[in-house]
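Open the model in a viewer and keep the selection tool at hand. The tour goes stop by stop, saying what to select and what is there.

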Amino acid sequence: MRALVTWGVFGIAVLGTGALLAGPPVWLLDWLAARYRGCLYRVSLQARVVALTLDDGPDPATTPLILAELQRHEARATFFLITERVLGRERLVHQLVAAGHELGNHFIQDRPSIRLSASDFDEDLEQAHRVLVPYGPVHWARPGSGWYSQAMIATMARHGYRCALGSVYPYDAALASATFSSWHILRNVRPGAIIVLHDGGARGRRTVRALQTVLPELHRRGCRVVTLGELTAAAG
């Protein structure tokens, strides 16, 4: 009997993991957005428009490659930059803004924002803002590691920010497979989706390879790839 229970629990865990890797259903994302208010996961939209977001740049080796793929396929994206990585790479930030892409605030360092005290979170957001705002408008913030509280949402709003997560996340920060990322995105993308990928180092190189598959296929499907600002404007 104990063996049956053990295998039953194992089976449920396997099925749950498989469902998670295949992608959460839209109703679950909408439930999360309603239950934990204040952060954008996707928009309700009939037009074939999706937003692409890229975390953790800029990186002098991989960001230019990503920009080249976006230009090749007439796509735009929101780059959530870690501002300690901007120093010495200012020209690259100017380049991505000049290409029509959007800046997002991913705070100063790559760390879970929810572990910060209220005062440290406020200071982190504001310091990162001061680094980014000379390059152009910055309206979106994405907490490190994706976890947030209502107090964090209130702080972001007080600074003029909207919180944005996403609805299509291929776990590319953990799974070292551009093939899986491509499959996951193309399986789950829907009008109004927000795609999350990563820049920098090996992750950035995988993103380049994934975009080489994903962007032409989305174009073939008649889907435009835009910034978060353009996506929310399209939704009215």
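The first term to know is pLDDT, the predictor's confidence in each residue, from 0 to 100. In this protein the mean pLDDT is 92, and 91% of the residues reach 70 or more. The model is predicted, and local features need pLDDT of at least 70, while side-chain atom pairs count only at pLDDT 80 or more and totals for chains, interfaces and linings use all residues. Residues are numbered from 1 along each chain as its sequence is written, and side-chain values use heavy atoms, with hydrogens and water left out.

**Stop 1: the start of the chain**

Select residues 1–19. Their pLDDT stays under 50, and the model has one contact beyond four places in sequence for them. A contact means heavy atoms within 4.5 Å.

**Stop 2: a buried strand residue**

Select T78, which lies in strand β3 (residues 78–81). Helices (H or I, at least four residues) and strands (E, at least two) are DSSP runs, numbered from the N terminus. Is T78 buried or exposed? T78 has a relative accessible area of 0%, so it is buried. Buried means under 20% relative accessible area, exposed means over 50%, and partly exposed is in between (1.4 Å probe, protein chains only).

Now show what surrounds T78. Leaving aside neighbours within four places in sequence, T78 is in contact with L52, T53, L54, E102, L103, G104, T227 and L228. The C-alpha atoms of T78 and L103 are separated by 5.6 Å, although these residues are 25 residues apart along the chain.

**Stop 3: backbone exceptions**

Most residues other than glycine have a negative phi, and most peptide bonds are trans. Select D56, in strand β2. D56 is not a glycine, yet its phi is positive, about 85°. Its relative accessibility is 5%, so D56 counts as buried.

Go on to G57 and P58, which are joined by a cis peptide bond with omega of about 0°. P58 lies in the loop between β2 and α3 (63–72).

**Stop 4: rings and a charge**

Two rings of Phe, Tyr or Trp (its six-membered ring) pair if their centres lie within 6.5 Å; planes under 30 degrees apart count as stacked, over 60 as edge-to-face and the rest as tilted. How many aromatic pairs are there by this rule? The count comes to four.

Select F107 and F121, a tilted pair with 5.2 Å centre to centre and 35° between the planes. F107 is in the loop between β4 (102–105) and α5 (118–132) and F121 is in helix α5, so the pair ties together parts that are 14 residues apart in sequence. F107, at 1% relative accessibility, counts as buried. F121 counts as buried too, at 2%.

Next, select Y169 and Y171, another tilted pair, with 5.3 Å centre to centre and 50° between the planes. Y169 is partly exposed at 32% relative accessibility, whereas Y171 is buried at 18%. Y171 sits in the loop between β6 (162–164) and α7 (178–188). Y171 has a positive phi of about 60° although it is not a glycine.

Then select R35 and Y36. The charged end of R35 sits over the ring of Y36, 5.0 Å from the ring centre. This label requires NZ of Lys or CZ of Arg within 6 Å of the ring centre and within 35 degrees of the ring normal.

**Stop 5: the loop of R111**

Select R111, in the loop between β4 and α5. R111 is partly exposed, with a relative accessible area of 31%. Neighbours within four places in sequence aside, R111 is in contact with L116, D124, G144 and S145.

**Stop 6: helix α8**

Select T213, found in helix α8 (residues 201–220). T213 is partly exposed, with a relative accessible area of 41%. Not counting residues up to four places away in sequence, T213 touches S182 and L186. The C-alpha atoms of T213 and S181, 32 residues apart along the chain, are separated by 9.7 Å.
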